[in-house]
Amino acid sequence: MNDLQDKCRGSLIGGAVGDALGYEVEFMSLAAIRKRFGENGISDYVLDGNGVAEFSDDTQMSLFTAEGLLTAISDNKVYEKDILPYISTAYEHWYYTQCHSGMKMSKSWLTHIRALWSRRAPGMTCLSALQSISMPNAAPVINNSKGCGGIMRVAPIGIFSATHPKILDIEHAGYLAGYAADITHKHPLSTYSSIALVMIVADCMSYDNIDRVKFKFIVIDRVFKLLELYFKNDKYLAELRGLVSKALELAESDKSDSDAIRFLGEGWVAEETLAIAIFSVMRHIDDFEKCICSAVNHDGDSDSTGAVAGNIIGAILGYSAIPDKYIENLELHDVLMSVADDLGGFSSSEQMAERYGNHNPFNVNTSNLI
């Protein structure tokens with residue numbers, strides 16, 4: 001496994017790890033988390049009755065983002081406006097898994113996987129928007145939501161961009177991520193936060209040995225300078241940059257993780273999710289476990305902040321840096337590994353053709369299939 005493949009796997013699986021760890025405490029206050037798990041909060045999975053660490057809708061939708069993107073590429077679509085309808089269709093497939101009984105769909109190999117038909121606290125904005133889109137006479141999605149349901153699912157676009165820059169460079173990957181989030185969440189802060197995340201993931205994968213100085217450079221001098229070039233004098237972008245700059249500053253302060261995160265919010269909205277994730281990565285730039293634990297132990301949307309932090313720290317440190325205890329028992333680990341390889345271009349041509357051309361669940365354990 002080369003370094004880039006390691007980072008592809010690290011980013012996608014890192015997001016799933018943060019999601020699975022945070023999913024157990026998503027709706028708990030920090031005080032309640034500490035009462036149940038001790039002063040340091042949750043740091044180990046809580047397993048279901050089958051010994052599995054379940055992830056939430058965040059990872060489910062990330063997988064469907066990957067399927068939509070790779071299906072479009074299989075059909076020789078390379079421009080973001082041409083790729084977007086495929087991602088939207090993939091989200092409709094995910095919506096079907098949440099609202100109907102399990103019956104595999106002919107145009108989606110992921111819907112053949114039994115575990116993905118489980119309802120895992122899906123966001124109401126996602127559900128209502130996709131319900132409108134999936135109607136016979138599709139109704140336009142009208143809302144002003146900046147909830148984290150947009151940002152938590154777009155990291156696969158950054159993984160693909162980092163490994164296929166000639167097909168989808170960092171600029172156009174950012175645009176695609178913004179459009180993908182906008183399918184369900186219409187507020188500019190959802191769009192900008194999603195663009196920023198994908199650009200950060202893609203850029204982090206292109207560097208070796210990222211320390212705090214380099215990470216700050218990537219976030220502020222690379223990603224936000226590009227965003228400010230594209231969206232000049234936008235008040236929402238200025239708001240997002242201010243919050244992210246505060247996160248970077250707090251990470252270098254002497255405040256405890258939990259006290260610092262209180263200044264950034266609870267992660268229920270996109271800009272707070274990104275800020276908390278960036279804080280946790282900056283604070284614990286060389287330690288996957290500490291980063292993830294920081295990102296989930298707070299009052300708020302722990303699975304989404306954990307997922308986004310995992311996407312970023314995984315892109316920096318790679319899969320090889322994830323402790324074994326987070327690999328063991330992770331739901332659909334082998335599927336996640338395989339999709340990460342699909343995104344990175346490390347899978348066989350046969351697998352890509354079967355999954356994204358013929359929509360067959362090639363190379364999946366038959367015990368997982370419907």
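Trainee: What makes the place of N233 a loop between α9 and α10?
Mentor: Helices are DSSP runs of H or I with at least four residues, strands are E runs of at least two, and both are numbered from the N terminus. Helix α9 covers 212-230 and α10 covers 235-251, and N233 is found in the loop between them.

Trainee: Before we go on, what are the ground rules?
Mentor: The model is predicted: local features need pLDDT of at least 70, side-chain atom pairs count only at pLDDT 80 or more, and totals for chains, interfaces and linings use all residues. Residues are numbered from 1 along each chain as its sequence is written, and side-chain values use heavy atoms, with hydrogens and water left out.

Trainee: Why is N233 called exposed?
Mentor: Buried means under 20% relative accessible area, exposed over 50%, and partly exposed in between, with a 1.4 Å probe and protein chains only. N233 has 83% relative accessibility, so it counts as exposed.

Trainee: What is noted about the phi of N233?
Mentor: The phi of N233 is positive, about 60°, although N233 is not a glycine. Most residues other than glycine have a negative phi. N363 also has a positive phi, about 70°, and is not a glycine. N363 lies in the segment after α17 (349-357). At a relative accessible area of 59%, N363 is exposed.

Trainee: Why is T65 called buried?
Mentor: T65 has a relative accessible area of 0%, so it is buried. T65 sits in helix α3, residues 57-74.

Trainee: Which residues is T65 in contact with, beyond its neighbours within four places in sequence?
Mentor: Contact means heavy atoms within 4.5 Å. By that rule T65 is in contact with I87, Y91, R153, V154, P156 and I157.

Trainee: What makes S294 and D257 a polar contact?
Mentor: A polar contact is a pair of N or O atoms within 3.5 Å; within protein, one must be able to donate a hydrogen and the other to accept it, and residues adjacent in sequence count only if both atoms are side-chain atoms. The side chains of S294 and D257 are joined at 3.0 Å. A polar contact of 3.1 Å joins the side chains of S294 and S280.

Trainee: Where is S294, and why is it called buried?
Mentor: S294 is in helix α13, residues 288-296. Its relative accessibility is 5%, so S294 counts as buried.

Trainee: What about D341: buried or exposed?
Mentor: D341 is buried, because its relative accessible area is 9%. D341 lies in helix α16, residues 333-344. Its side chain makes a polar contact of 2.7 Å with that of R9. Leaving aside neighbours within four places in sequence, D341 is in contact with Q5, R9, F346 and S347.

Trainee: How do you know that the radius of gyration agrees with a compact globule?
Mentor: The radius is taken over C-alpha atoms, and the globule rule is 2.2 Å times the number of residues to the power 0.38. For 370 residues a compact globule would have a radius near 21 Å; the protein has 19 Å, which agrees. The C-alpha trace spans about 55 × 50 × 40 Å along its principal axes.

Trainee: How many helices and strands are there, and what share of residues is buried?
Mentor: There are 17 helices and zero strands. Of the 370 residues, 58% count as buried.
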